Amino acid sequence: MKNINISKNKDRITIEIYPKYNKQKHIMMLFWLALWTVCGLAILTPLFGDYDIKTKFFFVLYLLFWLFFEYKVIYTHRWRKYGKEIIKIIGDKVHLVKEIKGRGVEQIFDKNDIEKIEIFNEKENSMSQLFGNAYWMISGYQLAFKTKDKLIPFGLELDEKEKKKIVFELNRSLKQN
């Protein structure tokens, strides 16, 4: 499956960006998730045992840490399997939504408030770039636009050719009235 899909007519452009999906990495991530779930359940059961308050506090802290990563990996699984980003320019509005199985929060911007869409460059060798390349993380925005005083990043996991194509199409649509 290709990573982007662009459809346009005279008064509308829709760009869909699909996440990268690697079957082997996805299976490994699900295997890790299963083991992580077992670890959490193993810590959950002694929580109800006869332990002093300090030990129970440790179990609770561990479970909070565990729950955070459990949520992150489940969300990533759903994103990689069923998610997509949608950018639409309809009339004088720009719609941006990151959806999973047809559900997501849509952001709507006035076309005139957007200066320019450009490639979003992250610092080389940054910690966020290192973790952003991990399969179990959803990060690595490649594009952005500025509206008034806010920078709005979008376009996850795009290669150079895809970035340039999207920037060209969106900037061209923004200039049309």
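## Basis

This is a predicted model: local features need pLDDT of at least 70, side-chain atom pairs count only at pLDDT 80 or more, and totals for chains, interfaces and linings use all residues. Residues are numbered from 1 along each chain as its sequence is written, and side-chain values use heavy atoms, without hydrogens and water.

## Helix pair

Helix H1 covers residues 23-47 and helix H2 residues 53-82. Their axes come within 9 Å and cross at roughly 155°. Helices are DSSP runs of H or I, at least four residues; strands are runs of E, at least two. Axes are lines fitted to C-alpha atoms over the stretch in contact, with angles from 0 to 180 degrees between N-to-C directions.

The contact of H1 with H2 has 19 nonpolar, 5 polar and 4 charged residues. Asp, Glu, Lys and Arg count as charged; Ala, Val, Leu, Ile, Met, Phe, Trp, Tyr, Cys and Pro as nonpolar; the others, Gly among them, as polar.

## Sheet

Three strands form an open sheet in the order S6-S7-S8, with antiparallel pairing. The edge strands are S6 (114-119) and S8 (150-156), each pairing on one side only. The twist averages 20° from one strand to the next.

S6 and S7 (residues 141-147) are joined by 4 bridges; pairing takes at least two DSSP bridges. Ile-119 stands opposite Leu-143 in S7.
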